[in-house]
Structure formats: structure tokens, C-alpha cells
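Please look over the sequence and the model below before reading on. The paragraphs that follow it are meant to be read with the structure in view.

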Amino acid sequence: MRINIPTASSIARSNQTYRRIVDKYRPDLAYYESTYRDLHSNPELSRQEKRTSSIAANHLKAIGYCVHENIGGYGLIGVLKNGHGPTVLLRADMDALPVRENTGLDYASKKTMTDSNGTEVPVMHACGHDVHVSCLMGAARLLHAARSKWGGTLICLFQPAEEFVTGAQAMVDDGLYARFDIPKPDIVLGQHVFCIEKAGIVALSPGPVMAAADGLKIRVFGKGGHGSMPSLCIDPIVIASHIIVRLQTIVSRELQPGKVGVITCGKIQAGTAVNIIPDYADLELSIRSYDTRVQKQLLDAIERIVRAECNASRSPQDPVIENSAHAPVTVNNVDQTESLKTSFSDFFEDKASAMEPLPGSEDFSVLARAINVPSIFWMLGGCDPVKWDEAERSGKIGEIPMNHSAEFAPAIEPTLRTGVDALAVAALTFLKLIASPA
């Protein structure tokens with residue numbers, strides 16, 4: 001079904017309906033607050049989200065959704081067919097990060113897991129995916145309870161491996177839109193909590209809102225030997241160090257002013273002992289950009305510099321440069337986003353704001369690009385309002401722990417209520433409302 005773009009006037013007429021529906025059918029959030037604490041205490045690494053997936057699946061089954069599990073790993077969908085109307089997909093990601101939590105919360109994670117390299121690492125929900133799962137579970141219950149008020153099909157999708165930016169594509173490749181007797185979505189919707197904004201805020205804008213991401217794995221080669229005789233060796237650690245420093249000039253000296261690009265070396269590994277010069281060094285890079293021309297410029301410059309530094313240092317063989325990850329730019333469809341902005345502005349009033357483009361990246365839009373339908377992604381504020389106001393008064397907003405920090409700690413409320421409401425309002429904006437007496 002081709003989704004109709006709600007007009008400003010139709011949304012204005014519907015907004016009081018949205019409020020009545022959400023206020024009437026919003027579930028008791030104490031259950032979802034408890035679920036959030038449990039998920040936060042028991043995070044799971046990418047591609048290992050078995051327990052989290054099971055919690056979401058059991059919840060959907062219990063309230064009446066048709067559930068399909070183990071899609072692209074531990075991904076799952078809950079489907080609620082509810083008569084004629086558009087098909088709306090709501091998405092939440094499930095995986096956590098290899099971070100040792102330092103929040104001091106009484107429900108802080110103390111968990112460790114074995115990562116994909118066979119190393120035991122601490123695990124933490126340092127990016128708020130536990131918030132996303134809890135909110136979508138709550139919204140699923142709300143919309144199921146309110147099914148007499150809308151028509152269409154609702155798909156609640158819980159995605160694995162977002163932190164690897166591979167989970168969405170894995171679900172698509174595993175037949176997400178081909179294996180199951182469900183209509184393809186007319187629109188894909190999602191949200192992400194950030195502590196760079198106060199809890200209770202919902203931020204949304206049309207156009208690019210999150211950057212494209214590319215991952216590179218690079219191995220540079222040297223000639224190993226005794227650490228006391230570097231003149232008889234070729235030190236790959238020195239080569240890697242020169243590369244890292246030189247890469248920082250790409251954005252500052254090659255990129256046109258006003259264009260946005262980020263190059264980060266997040267991992268360097270070499271050597272086994274203090275007195276041994278190794279044979280090779282490994283680097284892992286993260287590259288962010290908002291348009292394809294900048295993306296190509298950054299990737300070309302990185303390869304040029306890596307090869308040039310290896311040549312300058314007499315490396316005995318060419319470097320190995322491998323693409324390890326890719327996520328496209330997250331772009332909000334203009335027409336549908338304007339419709340949802342109107343819904344959010346009327347529902348959340350002064351808590352609705354514009355979303356500045358973020359340099360972080362998501363594979364969310366893969367779910368829409370795969371079937372050529374529009375998508376919308378918005379930001380959910382997560383910082384405790386009291387802490388935010390204190391930081392704002394003292395000029396220390398920049399010191400608030402951000403996503404991926406060991407001290408990242410979204411306020412449970414009003415974050416969960418806002419997230420549940422935002423997903424419900426977004427779904428209702430694009431489903432078919434059924435007129436009924438107030």
C-alpha cells in the first residue's frame with residue numbers, strides 16, 4: 001500500500017485523538033522500568049543477544065503478536081495485522097558494548113562475555129539500547145490495546161548487532177521481507193536515546209541526521225628483530241604512528257571548509273614483548289561523513305597516506321587495507337518527517353525540538369533502503385533533567401557522560417514514558433485512524 005502523507009490540517013484534527021489514545025492505553029510503566037533495569041544489568045554483545053531477544057519475543061507473544069525469531073541472528077519481529085491500512089515498522093536495537101561500567105548505579109552491569117576474538121571483556125549498555133528495547137515493548141502493548149482505534153499492520157522489529165552496523169543487513173539478507181507472510185512496510189520508524197539532550201525531549205528534523213560510517217582494518221608490515229638493534233629492523237609501530245598522525249591532516253588540510261568528516265583510529269595493536277620489534281602492526285579506523293563525495297575523498301586519502309608512509313619507511317610489502325563495516329547516511333524523508341514533526345510538536349509541545357545532525361552512525365536506514373520506502377529517525381533525550389539544568393548553569397554541558405562512556409546513565413524517567421509515547425504517536429501518524437466516539 002502506498003502510504004498517504006498526512007496533511008497539516010488532518011494531523012491537527014488527529015492530535016487530540018492521538019493524545020486520547022496514548023493517555024488511555026499507555027500501560028503501567030513500572031513493568032517496563034523493571035525490564036529496563038534487568039536489561040541494563042544483563043547486557044549482551046553484538047550477535048550474542050539471545051536473552052534480550054527472548055525477553056522481547058516472550059513479551060510480544062504474551063500480548064498477542066505473531067512472532068518470528070532468529071532472523072539474521074537473534075533478530076525478531078512481532079506482527080499485528082489489524083485490518084486494512086498502511087504497514088508501519090517500529091525498530092529497536094538490542095546489543096551492548098565492551099565497556100566496563102562505572103556509573104555506580106545499583107543495577108549497573110558487572111557482566112563479562114567472550115567477544116568475537118575470543119577475549120573475555122566487560123559488557124555494558126553504554127549506548128542506550130536497553131532503553132530502546134524497553135520503549136518498543138511498551139509501545140507494542142499500548143498499540144495492541146488500542147487496536148480498535150487504528151487499522152493497518154504494525155511490525156515491531158528488534159535488531160541485533162547494530163554496534164557492528166551489520167544487524168539490519170543481516171536481517172534483510174535472511175529474508176526479513178521475503179520469508180514471512182507479512183506486507184512490506186510503507187514506512188520505517190526508529191529512535192535513539194542520547195544524553196546530549198535533556199530527558200523528556202524529542203528531537204526531529206528532515207534530511208541527513210546521522211553520518212555514514214566506514215570501518216577499515218589496516219595491517220602495515222615491517223621487519224622484526226631485537227629491540228636493541230632497530231637499525232637492522234623496520235619498525236611497523238613507527239610506521240603506524242606516522243600514519244595515525246598524518247591521517248589527522250585529511251580533515252584539517254584537505255577537506256573543504258564547511259564539509260564534515262571524522263577519521264578516528266580507535267584501535268592499534270602490535271608486538272608481544274618490550275624488547276621485540278614486531279613484523280607487523282594493525283590499525284582499525286572509523287570514518288564518518290554525510291555525503292558520498294566526502295566519503296570517497298576521505299577513503300582515497302587514507303589509502304594514499306597509508307601506502308605512502310609504508311613506502312617512505314621501506315616496508316617490505318604492501319599494506320593490507322580491508323573494509324570492515326559500512327553504514328549509510330541516515331536521511332529522514334522530508335514530507336513524512338514534516339508530518340511527524342507536526343504530530344510531535346502538538347503532542348509533546350515545548351518538549352519537541354529540532355535535531356542537529358550527529359556524527360554518529362546507524363544501520364537503521366538499511367531496513368528502509370532495502371525495499372525503497374521512507375524512514376524517519378529521531379532523538380530521545382536521556383540526561384537527568386536536574387543534572388542537565390545544573391550543568392547548563394555551570395557551563396559544563398560538555399562534561400555530561402555521552403553515549404559509549406563508562407558513565408553513560410540515562411534517567412529512567414521521563415525517558416521511558418517519552419520513548420513509549422513517541423513510538424506510539426509516530427505509528428498512529430501513519431496508520432489509519434478509525435473514527436469513534438470520544
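The text below goes from strands to a pair of helices and then to salt bridges.

This is a predicted model, in which local features need pLDDT of at least 70 and side-chain atom pairs count only at pLDDT 80 or more, while totals for chains, interfaces and linings use all residues. Residues are numbered from 1 along each chain as its sequence is written, and side-chain values use heavy atoms, with hydrogens and water left out. Helices (H or I, at least four residues) and strands (E, at least two residues) are DSSP runs, numbered from the N terminus.

Two strands count as paired if DSSP finds at least two bridges between them. By this criterion β3 pairs in the parallel sense with strand β6 (residues 150–159) over seven bridges, and within that pairing Asp93 has Gln159 of β6 as its bridge partner. β3 also pairs in the parallel sense with strand β7 (residues 187–198), here over four bridges, where Leu89 is partnered by Val188 and Leu90 by Leu189.

β7 pairs in the parallel sense with strand β18 (residues 375–383) over eight bridges, and Phe194 stands opposite Gly381 in β18.

The next topic is helix packing. Two packed helices are described by the angle between their axes and the distance between the axes. The axes of helix α3 (residues 50–63) and helix α4 (residues 129–145) come within 10 Å and cross at roughly 10°, the axes being lines fitted to C-alpha atoms, for helices over the stretch in contact, with angles running from 0 to 180 degrees between N-to-C directions. That makes α3 roughly parallel to α4, given that angles under 35 degrees count as roughly parallel, over 145 as roughly antiparallel, 65 to 115 as roughly perpendicular and the rest as oblique. In this contact (heavy atoms within 4.5 Å), Thr52, Ile55, Ala56, His59, Leu60 and Ile63 of α3 meet Val133, Met137, Ala140, Arg141 and His144 of α4.

A search of the whole structure finds 16 of them, each being a side-chain nitrogen of Lys or Arg within 4 Å of a carboxyl oxygen of Asp or Glu. Lys81 forms one with Asp181, the closest N and O atoms being 3.7 Å apart; Lys81 lies in strand β2 (residues 75–82) and Asp181 in the loop between α5 (167–173) and β7, so the pair ties together parts that are 100 residues apart in sequence. Lys81 is partly exposed at 47% relative accessible area, whereas Asp181 is exposed at 69%.

The side chains of Lys198 and Asp389 meet in a salt bridge with an N to O distance of 3.0 Å, and this pair links strand β7 to helix α10 (residues 385–393) across 191 residues. Finally, Asp23, Arg26, Arg417 and Asp421 are linked in a network of salt bridges.

Definitions and conventions
Buried means under 20% relative accessible area, exposed over 50%, partly exposed in between (1.4 Å probe, protein chains only).
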